[in-house]
Amino acid sequence: MRTRTAAPTAVITGASSGIGAATARHLAAAGYRVVLTARREDRLHALTEELTAAGHQAVAYALDVTDRAAVMTFAVFLDEYGPIDVLVNNAGGAIGTETVATADPADWRTMYDVNVLGTLNVTQALLPRLVQAEGTLVVLSSTAGLATYEGGGGYVAAKHGAHVIAETLRLELCGQPVRVIEIAPGMVRTEGFALTRYRGDQDKADAVYAGVADPLTADDIAETITWAVSRPPHVNVDLLVVRPRAQASNYKVHREG
């Protein structure tokens, strides 16, 4: 293993767009060398070029977090970077709004694989390096991991799983020099989340945010993550729920007009 550089290292999954890409920008600006992973290699490289052109340290690595063998190969690739100071488990997503009675089990399996098993795969692969660095493990869950709503059964189940991973890790790692932080966003408007959920139907995706004056942005969540991981080492933000002011719960949202 090479001698560690002065810049701390942060690994971000799902970094090709949305909250992941915004988090990469904010952590890079805060002085981290960022290692960006996602399936869309072209977007990763574009973001890496943007960050390096701005004078930051950034590395792209195409990765499907649900492919356990590929994740372990990624861990070997990271050997040259030494300890990992921050891991942001951001890869995730929702598919469909069908009821439990009508949902396609394949959609539920896909959501579980990326939101739960993907987080498990990357966490297991990088946890020794996080402990070595006295680092911070971040799980991006959702308010869907804390409360249910109609039409969200599969996503809610998956995000409850992500929430449980964070809670359980915190118990199991008590006494170890690593923090476990869970960030649970509410309504965040990004370019892809709702569009994917509604299977490419732009009108339905836009309707999610209709009349909401100021839904959260990816930058809002990225700033929150950067703040949380930059607290003094003895300060652990166990669970931070972040919603726009207009959203009182998963199913109560103020809409104007």
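# Close-up views of a predicted model

**View 1. Helix α1 passes helix α2 in a right-handed crossing.** On the α1 side, the contact is made by Ala 21, Ala 24, Arg 25 and Ala 28, and on the α2 side by Leu 47, Glu 50 and Leu 51. Sorted by class, these residues are five nonpolar, no polar and two charged.

*Reading the views.* This is a predicted model, in which local features need pLDDT of at least 70 and side-chain atom pairs count only at pLDDT 80 or more, while totals for chains, interfaces and linings use all residues. Residues are numbered from 1 along each chain as its sequence is written, and side-chain values use heavy atoms, with hydrogens and water left out. Helices (H or I, at least four residues) and strands (E, at least two) are DSSP runs, numbered from the N terminus. Axes are lines fitted to C-alpha atoms, for helices over the stretch in contact, and angles between N-to-C directions run from 0 to 180 degrees. Angles under 35 degrees count as roughly parallel, over 145 as roughly antiparallel, 65 to 115 as roughly perpendicular, and the rest as oblique. Contact means heavy atoms within 4.5 Å. Ala, Val, Leu, Ile, Met, Phe, Trp, Tyr, Cys and Pro count as nonpolar, Asp, Glu, Lys and Arg as charged, and the others, Gly among them, as polar.

**View 2. Here we stay with Arg 25, a residue of helix α1.** Its relative accessibility is 35%, so Arg 25 counts as partly exposed; buried means under 20% relative accessible area, exposed means over 50%, and partly exposed lies in between (1.4 Å probe, protein chains only). Leaving out residues up to four places away in sequence, Arg 25 touches Leu 47, Glu 50 and Leu 51. Arg 25 and Glu 223 are 198 residues apart in sequence, with 9.7 Å between their C-alpha atoms in space.

**View 3. Seven strands form an open sheet with parallel pairing.** Their order is β3-β2-β1-β4-β5-β6-β7, where two strands pair if DSSP finds at least two bridges between them. At the edges are β3 (58-62) and β7 (239-242), each pairing on one side only. On average, and with direction ignored, neighbouring strands are turned by 15 degrees against each other. Helix α1 (residues 18-29) packs on this sheet and touches β1, β2 (33-38) and β4, its direction making about 175 degrees with that of β1. Helix α2 (residues 41-53) lies across β2 and β3 and runs at about 175 degrees to β3.

**View 4. Strand β1 has β2 and β4 as its partners in the sheet order.** Four bridges join β1 to β2, and these strands run parallel. Ala 10 stands opposite Val 34 in β2. β1 (residues 9-12) and β4 (residues 86-89) also pair in the parallel sense, over three bridges, and Val 11 stands opposite Leu 87 in β4. Turning to β2, six of its six residues are buried: Arg 33, Val 35 and Thr 37 on one side, and Val 34, Leu 36 and Ala 38 on the other.

**View 5. Asn 89 sits in strand β4.** With 2% relative accessibility, Asn 89 counts as buried. Beyond its neighbours within four places in sequence, the contacts of Asn 89 include Thr 13, Thr 119, Thr 123 and Val 139.

**View 6. The axes of helices α4 (residues 105-133) and α5 (residues 153-172) come within 7 Å.** They cross at roughly 15 degrees, which makes α4 roughly parallel to α5. This crossing of α4 with α5 is right-handed. Among the residues making the contact are Trp 108, Met 111 and Tyr 112 of α4, and Gly 153, Gly 154 and Tyr 155 of α5. By class, the contact has eleven nonpolar, six polar and one charged residues.

View 7. Most residues other than glycine have a negative phi. Glu 134 is not a glycine, yet has a positive phi of about 50 degrees.

Terms used
Left-handed = near helix turned anticlockwise from the far one by under 90°.
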